[in-house]
Amino acid sequence: MGYATFYRVLSPRQLNVMIQAFSLVCIFFEGYDQGVMGGVNSSPRYVTEVGIGEPDGTVTNTTHQGGIVSIYYLGCIFGCFGGGWLADRLGRINGLLIGAFFALVGGALQAAAQSSDFMLVARVVTGVGTGALTGIAPVLVSETSTADHRGAFLGYVFIANYLGISVAYWLAFGLAFINRGYSDIRWRFLLAFQCVPALILLLFIKMLPDSPRFLASVGRYSEAQEVLNRIRCHKASQSEIDLEYKNIIATVEEGKSSSPVQFAKILIGRGGKPGANLGRRAWLCVWLQIMASWTGITAVTAYSPVLLRQAGYSELTQNGLAGGLNTIGILGTIISAQIVDRIGRRKCLILGSVMLFIVELVAGSVYEASLHRPDKADQLAPAAVAMLFLFNLAYAATWGTVAFLIPTEIFPSNLRAQGNGFGITGWAIGVGMTTLVNPIMFGSIGSRSYFLLAGLNLLWVPVIYLFYPETRNRTLESIEYLFSTSRPFHWDMERAYRLCKERKDQEHIDEQAIKASSQDEVQQEFYESIPQ
């Protein structure tokens with residue numbers, strides 16, 4: 001049994017677990033890299049190494065500091081599009097392999113950084129790897145999951161996002177005690193540790209089979225059918241598997257190979273076949289992630305130590321609570337996995353926005369009260385901390401998963417990995433933008449920033465209600481029906497879905513009737529040929 005065919009010795013359940021596990025490692029890398037710079041920026045040796053502050057760790061050039069952090073997201077944009085294009089051409093597994101290589105090299109370069117310029121280059125390289133891994137892994141999960149469990153499976157994979165952030169925070173917390181924080185290992189080990197998941201992927205990812213939808217899209221039909229049977233036979237009947245395979249083939253035959261130029265065409269509404277409305281899908285993905293970034297999650301993640309200090313806690317307590325804030329996200333993601341396929345994507349997002357609006361309104365009021373009544377700061381501190389924990393819990397249970405799920409569902413197979421790049425691009429733009437804006441915003445209006453963010457959450461409710469379709473319990477192939485209309489409102493998309501579904505169901509019924517009729521005729525001819 002060869003290395004690349006190892007999956008054939010696994011049971012269907014083991015194979016599905018293996019796909020989930022490697023996807024989890026990909027998202028763990030993204031989460032860890034998202035959280036690691038908080039600990040790195042706190043290291044005095046790093047601050048002097050890259051020339052952004054004083055030997056005691058005081059940062060004097062916050063713009064330079066923000067640039068080093070944010071340039072990573074530029075690499076993510078290149079990685080998600082480049083990696084997505086390769087994944088649509090060479091396969092999801094090969095795309096992940098290339099992404100892991102960039103992630104490994106970038107992590108090693110960051111750990112060995114000798115100057116600001118060195119660090120900038122290393123951050124871009126790491127970003128390319130992260131963009132590829134984050135863009136392709138959810139697509140692999142989406143394409144190998146059943147329609148009624150797709151959201152839950154991706155939700156469980158995104159537990160790794162918060163797990164990665166939490167590991168980064170707790171490692172930073174522990175390493176801060178070495179030589180009272182004045183140690184190179186404090187920041188170099190943090191950056192080197194990200195090489196561990198990258199190396200695991202590089203060594204073992206080729207043991208997985210490729211997605212049956214990708215295999216079908218490049219004409220490898222027998223392999224596609226074999227893999228589909230292996231990942232479905234423990235839960236579905238053979239007739240159900242055959243019907244899914246038939247739908248995959250029918251959808252693939254209508255598509256065509258993607259190209260880098262097609263991305264620009266898609267954004268201006270000229271890509272794909274007439275009536276596919278790929279441009280609208282792309283902008284839905286981009287704006288969904290930008291909206292997710294402006295819910296306030298980056299402010300809570302990056303500025304929790306500052307907000308906790310404002311609430312009156314000691315430095316040790318601040319760091320411990322900051323780690324706990326991200327750990328609570330794991331519980332939120334578990335909740336998301338339980339509800340996203342039950343109540344749907346739209347309700348999750350709308351409910352999340354309402355909850356975040358309330359939490360941020362209360363949080364802003366509590367922080368303002370502590371500023372105007374310093375004598376009561378100790379009494380208000382627990383309420384402030386509770387709001388931060390509730391925010392992370394609510395975000396992880398709703399926006400944190402769904403914003404990454406929808407872009408993996410609404411593009412056709414031949415464009416899915418590359419199309420998911422629009423979502424990752426929105427994520428990179430949103431997080432990069434808020435990372436730069438947050439210091440200015442909090443420096444100018446302080447904790448009143450929470451009132452601004454609360455208002456934005458309220459604004460997202462009608463946007464989601466009007467323009468975003470429901471994909472719950474629908475096969476990836478049938479989701480195409482939602483975009484068969486040029487009208488952008490969700491009720492028009494639902495109407496188009498019902499019409500297309502009824503037509504397809506009728507075609508299937510007619511086909512089965514013709515097949516049954518043919519069998520009856522053959523049997524009749526056979527009986528007539530028997531001598532009496």
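**Salt bridges and cysteines**

Analyst: D492 is buried, at 7% relative accessibility; buried means under 20% relative accessible area, exposed over 50%, partly exposed in between (1.4 Å probe, protein chains only). This is a predicted model, where local features need pLDDT of at least 70, side-chain atom pairs count only at pLDDT 80 or more, and totals for chains, interfaces and linings use all residues. Residues are numbered from 1 along each chain as its sequence is written, and side-chain values use heavy atoms, with hydrogens and water left out.

User: Which residue meets D492 in a salt bridge?

Analyst: Side chains of opposite charge can pair when their charged atoms come close. A salt bridge here is a side-chain nitrogen of Lys or Arg within 4 Å of a carboxyl oxygen of Asp or Glu. The partner of D492 is R487, at 2.9 Å from N to O. R487 is partly exposed, with 47% relative accessibility.

User: How many salt bridges does the structure hold?

Analyst: The count is 18. One of them joins R213 and E477 at 2.8 Å, N to O. This pair links distant parts of the chain, 264 residues apart. R213 is buried at 3%, and E477 is buried at 6%.

User: How many disulfides does a search of the whole structure find?

Analyst: A disulfide is a covalent bond between the sulfur atoms of two cysteines; the criterion is a pair of cysteine sulfur atoms within 2.5 Å. The search finds zero. For C76, the nearest cysteine sulfur is that of C80, 7.6 Å away. C76 is buried, with a relative accessible area of 0%.

Notes. Helix = DSSP H or I, 4+ residues; strand = E, 2+ residues; numbered from the N terminus.
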